[in-house]
Amino acid sequence: MKLLILTLCIAATLAVNTDLDQEWGLWKDSNQKLYDADEEVFRRFVWEYNYKVVNEHNTRYALGHTSYTMAMNSLADLTHTEFKKRMNNYIMPNTTYKRVDSFVDTSSLPATVDWRPKGYVTPVKNQLQCGSCWAFSATGSLEGQTFNKTGKLPSLSEQNLVDCASASKYSCSGCEGGQMSGAFMYVHDNNGIDSEESYPYQAKDKKCRFKRAHVAGTVKSYVSVPSMDEKALQKDVATVGPISVAIDASHQSFQLYHSGVYDEPQCSQTQLDHGVLAVGYGTEDSQDYWLVKNSWGTNWGMKGFIMMSRNVQNQCGIATDASYPIV
């Protein structure tokens with residue numbers, strides 16, 4: 001009912017741009033979007049608004065005014081409010097973040113790191129419209145550490161975490177959000193996590209169905225990276241492997257990001273809402289970046305990855321709440 005009222009209100013002031021009919025149809029087909037009659041009208045208006053935003057931004061990119069491009073990805077039919085509610089559900093710890101200077105010397109570290117070709121990173125996954133980013137970030141880091149120890153890369157079950165780590169002691173609530181550190185604690189206490197194959201992802205809260213016979217990864221403990229210290233994070237990414245990180249992904253620029261070094265001055269260092277995986281770093285066109293794996297499928301960003309500004313005052317809080325498991 002609310003959607004219908006909102007649709008009628010928008011329709012009273014706007015008209016669909018019929019010149020975009022073909023692009024709208026192609027976009028729906030390529031993203032497998034199906035709507036009922038009322039929602040079709042509303043989603044078309046939202047999509048056209050985002051279409052305008054993307055084109056204006058990319059014009060600025062063509063003029064050299066920004067370092068990244070945007071695109072009409074699978075999230076382009078969501079309002080910004082819907083996007084934040086559905087996709088970003090990292091639960092921040094009940095604490096005040098304070099910078100911890102570790103005085104790390106990064107001069108001996110490699111200029112570029114990418115753990116993907118070294119076998120530490122599974123293919124990009126898709127959390128769909130379930131706030132389970134925290135689970136995907138945690139499994140990503142644990143998958144990498146398991147490969148480092150065993151030489152075999154498992155794909156671990158996010159659904160196992162969504163269903164079974166939902167307890168106050170772990171600060172995790174399934175599709176309503178959670179913390180990577182809580183996920184590591186659960187796997188430790190549970191003496192393991194099942195494989196993706198044995199416990200497939202369903203994008204909704206279900207009854208816990210963990211089976212010890214299908215354990216594919218374990219955790220002895222976990223390490224928290226010194227808060228707000230990008231040099232400390234750089235050292236761990238370079239020497240440990242993929243690291244779970246929490247970021248501020250609340251901006252429309254992140255929702256519709258496509259390629260290039262993401263630079264969003266409005267990002268917060270402390271208001272974090274999304275769990276992702278730092279799988280490397282480097283420099284492009286004199287801009288330092290973090291290479292980050294997201295969990296929104298390969299249609300988003302650079303086939304599921306994003307290059308985020310590095311050494312720009314901890315932009316988007318990427319070094320504020322980072323951690324990794326010991327296996």
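At what angle do helix H2 (residues 21–30) and H3 pack, and how many Å apart are their axes? The angle is about 105°, and the axes are 12 Å apart. This is a predicted model: local features need pLDDT of at least 70, side-chain atom pairs count only at pLDDT 80 or more, and totals for chains, interfaces and linings use all residues. Residues are numbered from 1 along each chain as its sequence is written, and side-chain values use heavy atoms, with hydrogens and water left out.

**Two helix pairs**

Two packed helices are described by the angle between their axes and the distance between the axes. Here the axes are lines fitted to C-alpha atoms, for helices over the stretch in contact, and angles run from 0 to 180 degrees between N-to-C directions. Helices (H or I, at least four residues) and strands (E, at least two) are DSSP runs, numbered from the N terminus.

H2 and H3 are therefore roughly perpendicular to each other. Angles of 65 to 115 degrees count as roughly perpendicular, under 35 as roughly parallel, over 145 as roughly antiparallel, and the rest as oblique. From H2, the contact takes in Asp21, Glu23, Trp24, Trp27 and Lys28. From H3, it takes in Glu40, Arg43, Arg44, Trp47 and Tyr51. Contact means heavy atoms within 4.5 Å. The H2 and H3 contact residues divide into six charged, four nonpolar and no polar. Ala, Val, Leu, Ile, Met, Phe, Trp, Tyr, Cys and Pro count as nonpolar, Asp, Glu, Lys and Arg as charged, and the others, Gly among them, as polar.

The second pair is H5 (residues 133–150) and H7 (residues 180–190). Their axes come within 8 Å and cross at roughly 60°. H5 and H7 are therefore oblique to each other. H5 passes H7 in a right-handed crossing, meaning that the near helix is turned clockwise from the far one by less than a right angle. Trp134, Ser137, Ala138, Ser141 and Leu142 in H5 meet Met180, Ala183, Phe184 and Val187 in H7. Seven of these contact residues are nonpolar, two are polar and none is charged.

H7 is largely enclosed by the rest of the structure, because eight of its eleven residues are buried. Buried means under 20% relative accessible area, exposed over 50%, and partly exposed in between (1.4 Å probe, protein chains only). The buried residues of H7 include Met180, Ala183, Phe184 and Val187. Asn191 follows H7 and has a positive phi, near 60°.

**Strands around S10**

Strand S10 (residues 305–309) has five of its five residues buried, so S10 is largely enclosed by the rest of the structure. Two strands pair if DSSP finds at least two bridges between them. S10 pairs with S9 (residues 287–293) in the antiparallel sense, over five bridges. S10 also pairs with S7 (residues 257–262), in the parallel sense, over two bridges.

Met308 of S10 is the bridge partner of Trp290. Met308 is also the bridge partner of Tyr262. Met307 of S10 is the bridge partner of Val261. S7 has a further link: three bridges join S7 to strand S1 (residues 68–70), and the two run antiparallel. There, Tyr68 stands opposite Gly260 in S7.

**Single residues**

Where is His57 placed? His57 is in helix H3 (residues 37–62). Beyond residues up to four places away in sequence, His57 touches Thr66, Tyr68, Thr69 and Met70. His57 and Asp205 are 148 residues apart in sequence and 37 Å apart in space, C-alpha to C-alpha.

Cys175 lies in the loop between helix H6 (158–164) and H7. Leaving aside neighbours within four places in sequence, its contacts include Asn89, Cys130, Val162 and Asp205. Cys175 and Cys133 are 42 residues apart along the chain, with C-alpha atoms separated by 8.6 Å.

Met228 and Asp285 both sit in loops. Met228 is between strand S5 (221–224) and helix H8 (230–239). Its phi is near 65°, positive in a residue other than glycine. Asp285 is between strand S8 (274–284) and S9. Its phi is near 50°, also positive in a residue other than glycine.

The table lists accessibility for these residues.

| Residue | Relative accessible area | Class |
|---|---|---|
| His57 | 8% | buried |
| Cys175 | 10% | buried |
| Met228 | 12% | buried |
| Asp285 | 69% | exposed |
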